[in-house]
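Visitor: I would like to learn how to read a structure like this one, feature by feature. Could you walk me through it?

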Amino acid sequence: MQTMSRDTARRLALGAQGFADPPPRGEVTRRHLQRALSRTKLLQLDSVNVAVRAHYMPLFSRLGAYSADLVDAAAWSHRARQPRLLVEYWAHEASLIPVEDWPLLRWRMREYGGAWRRRSRELLERSPQLIDDVLTAVKELGPIGAGSLERELGGDQRRGRGTWWNRSDTKRACELLFAMGELTTGTRRGFERLYELPERVLPAHVLADEPDDDEAIRGLVERSAHALGVATEPDLRDYYRLSPAQSQQAVAELVEDGVLEPVTVHGWRQSAYRHTAARIPRKITGRALLCPFDPLIWERSRAERLFDFRYRIEIYVPEAKRQYGYYVFPFLLGGELVARVDLKADRAAGVLRVPGAFLEPGRDAGEVTLELSAALRDMASWLGLDDVVVGDRGDLAVPLTSAVRR
């Protein structure tokens, strides 16, 4: 069994995620977008918009400044010359996945559909026609939002309670149908999902593809391995939120097929697996701010093993108990996570606010400050903000304040 150092594993992981790829020259195009997506495999969606929507930031981290219209067109529109590249479903949480990967999640649509039906039993018993009514309305009116559907269906749906976050019955029915794969997202208005029939969103050959469950799960694990480079079995499992049994069987079969190679990484307690197509970059250069939902740091224990960087999102921590801030971005420099900054896009004032900035132990404050200030100015410019304003929290706050003013 091959043994590799943590430095080698780190470079392998960064290369797999696209951080060793040369930056685009000139305008970022659809081709660059496809290259980045071939690395990450998917983009997580999240409703938090304190700095920038989660599905936009990983591409900026890898490609630099680009037009968000590229993602919007790839995910929520279709033209003959530019067919839709991405579709929404539950992959690593709510995600944008390549259109061609939709069949690999059919088994989940069956499982989630059953689970949501059980959770919606009271609704289905009370309103047995609602599911058919929603499908009929979407067929006639789609793409359409849940609020508009509710009005079309009479506007008298009773509000849910408890774990349904006060969603209307119509919204619950839409989400059940989305989980089953009977509805998908046709487009979005702002961040509102407008539901549509899959046959009006996805090409016929994708809808006709029916891999068996084991084949589909092997496909997902192989994609995980390709995106991660080197990973433990739980790391591979987490990328698409698979069960231990599903992942372990798929890993064993992929090892037998020669797709995965077992390896030992110094300092890792668990055995790891390297995708045999993964290449180890000689060096990782450049800088990148990483949002909390970047696939490089999704699995927090993996980030700690690779970078000696303990990271937790503190959105749900009471303000007085937060260590670093509400929405904290790790800062990648030269292949290491060297700092972290709490960020907020103050669009009304036209500034990127940095309430807190913190240096990792043992890092060169001068070098990090210089590079971080440039990265923050780049991000502000990309977001259409005029300035960077640094607060007073953290050991980098004072030098960073001076650096961004130069």
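**Reading the fold and its charges**

Guide: Gladly! Let us begin with the secondary structure: the protein has 16 helices and 14 strands. Its radius of gyration is 22 Å, close to the 22 Å that the globule rule gives for 406 residues, so the protein is as compact as a globular protein of that length. Please keep in mind that this is a predicted model.

Visitor: Now to charges. How many salt bridges does a search of the whole structure find?

Guide: The idea is to look for a side-chain nitrogen of Lys or Arg within 4 Å of a carboxyl oxygen of Asp or Glu. Here the search finds 28 salt bridges. One to look at is Arg193 with Glu88, whose closest N and O atoms are 3.2 Å apart. This pair links distant parts of the chain, since Arg193 sits in strand 6 (residues 192-196) and Glu88 in strand 3 (residues 86-91), 105 residues apart.

Visitor: Are Arg193 and Glu88 buried or exposed?

Guide: Both Arg193 and Glu88 are buried. Arg193 also meets the side chain of Glu175 in a salt bridge, at 2.9 Å from N to O. Glu175 belongs to helix 9 (residues 169-180) and Arg193 to strand 6, so this pair ties together parts that are 18 residues apart in sequence. Glu175 is buried, as is Arg193.

Visitor: Which residue forms a salt bridge with Arg200?

Guide: That is Glu196, with the closest N and O atoms 2.8 Å apart. Arg200 counts as partly exposed because its relative accessibility is 42%, while Glu196 counts as buried because its value is 7%. Elsewhere, salt bridges that share partners join Asp7, Arg10, Arg11, Glu336 and Arg363 into one network.

Visitor: And the surface? Which residues form a negative surface patch?

Guide: For a patch, we look for like charges on residues without a salt bridge and with over 30% relative accessible area. In this model, Glu100, Asp209, Asp212, Asp214 and Glu215 form a negative one.

Visitor: Where does Glu100 lie, and why is it called partly exposed?

Guide: Glu100 lies in the loop between strand 4 (93-98) and helix 5 (106-119). Glu100 is called partly exposed because its relative accessible area is 47%, and that class runs between the buried limit of 20% and the exposed limit of 50%.

Key:
Residues numbered from 1 in each chain as written. Predicted model: local features only at pLDDT ≥ 70, side-chain atom pairs only at ≥ 80, totals over all residues. Heavy atoms only, no water. Patch = residues over 30% accessible without salt bridge, like charges linked within 9 Å, V, L, I, M, F, W, Y side chains within 5 Å. Areas by Shrake-Rupley, 256 points an atom, 1.4 Å probe, with all protein chains shown as cover. Lys, Arg positive; Asp, Glu negative; His and termini not counted. Charge placed at Lys NZ, Arg CZ, Asp CG, Glu CD. Helix = DSSP H or I, 4+ residues; strand = E, 2+ residues; numbered from the N terminus. Buried < 20%, exposed > 50% of the residue type's maximum accessible area, 1.4 Å probe, protein only. Rg over C-alpha atoms; globule rule 2.2 N^0.38 Å.
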